[in-house]
Amino acid sequence: MAATMIALAVSTLYVVLTSLIAYWARRYVNYYIRDPFVRSLFLEGIATAELCGACFELIIIAENWGVSMYGLFLFVLTIWWAMNWGDASACPYTHIEEMVEGKKSLRDAFLLIWAELVGGLAIFRYVQLLWALEIVSTHRNKAFEDCTTDLQVPVIFGAFVECAATCVYRVVSRALSEINPRFSIVIDSFIGTSLVIAAFDYSGGYFNPALATALKYGCLGTTFMEHVIVYWVGACAGSIVSLRVYRLPIIRSFVEQHKEKAF
């Protein structure tokens with residue numbers, strides 16, 4: 001038990017360290033970079049690096065302490081990210097949504113997605129360095145170990161899971177943003193975490209193409225095309241569909257009725 005608690009403490013320390021590095025990196029970027037768009041590129045890259053760096057460690061936690069502990073960490077981290085990322089989303093389909101709605105150009109959306117991918121892919125070298133220290137047994141051989149896919153179902157079903165869950169989450173997030181109830185961040189984090197846990201044994205529950213690519217692209221068990229279909233086409237399709245779903249009369253009626261109420 002002592003060894004297990006020490007290993008969990010080290011994993012927790014790594015997550016906290018990653019979050020603190022990202023926190024200070026954001027402060028430097030906000031202070032030194034004056035151009036709003038260039039600043040946004042850096043902030044998206046930092047947010048995605050923080051997200052992926054933490055989730056690499058959450059994989060270790062899930063493997064050794066189960067999905068419940070993984071969910072608890074993810075819930076707390078989601079609240080932290082919501083409070084600290086500002087306008088950054090660390091998620092490609094948010095920019096695609098804005099492009100579809102005419103709020104963002106194709107060029108800007110592409111560059112922001114590119115920044116997210118750079119941040120997400122680059123952070124593995126930092127994670128690999130921490131794992132290579134092998135301070136605890138749970139990190140032994142992890143730095144250079146071949147990863148395996150989280151996709152446990154047929155590709156089309158996996159894409160449907162990512163699509164449906166992404167659609168539900170985006171509709172709920174938009175509604176919470178508009179209604180703005182008390183503890184909206186906590187509610188949003190709880191729903192997002194619950195959806196991830198529900199999809200964990202099917203597609204892995206990523207609902208974020210940049211996160212899925214950083215953590216699982218090239219892993220054994222999934223081809224390039226299968227990865228794209230499940231984690232990019234599936235999630236982005238769900239995001240775009242959510243724009244239409246959110247405009248349905250039943251959804252709009254619910255939002256309008258609850259705008260002035262507090263949960």
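Begin by selecting Glu134, which lies just after H4 and takes a positive phi of about 50 degrees. This is a predicted model, in which local features need pLDDT of at least 70 and side-chain atom pairs pLDDT 80 or more, while totals for chains, interfaces and linings use all residues. Residues are numbered from 1 along each chain as its sequence is written, and side-chain values use heavy atoms, without hydrogens or water.

Next, select residues 106-132, the 27 residues of helix H4 (a DSSP run of H or I, at least four residues). From first C-alpha to last, H4 reaches 40 Å, close to the 39 Å expected at 1.5 Å a residue (1.5 Å times one less than the number of residues).

Now colour Leu58, Trp81 and Leu215, which touch the most other members of the 60-residue largest nonpolar core (buried Ala, Val, Leu, Ile, Met, Phe, Trp, Tyr and Cys, under 20% relative accessible area with a 1.4 Å probe and protein chains only, joined through side-chain atoms within 4.5 Å). Helices supplying at least two residues each to this core include H3 (92-100), H5 (155-179) and H8 (224-246), but H2 gives the most, with 19 residues. At least three residues come from each of domain 1 (5-139) and domain 2 (155-261), whose bounds come from an automatic or database assignment.

Finally, select Thr12, Val15, Val16, Ser19, Leu20, Leu72, Phe73, Val76, Leu77 and Trp80, which line the second largest pocket. Helices H1 (2-32) and H2 (36-84) are the elements that give two or more residues to this lining, which divides into eight nonpolar, two polar and no charged residues.

Key
1 Å grid on protein atoms, 1.4 Å probe; cavity = no way out; pocket = protein on both sides within 12 Å on 5 of 7 lines; lining within 4 Å. Nonpolar A, V, L, I, M, F, W, Y, C, P; charged D, E, K, R; others polar. Buried < 20%, exposed > 50% of the residue type's maximum accessible area, 1.4 Å probe, protein only.
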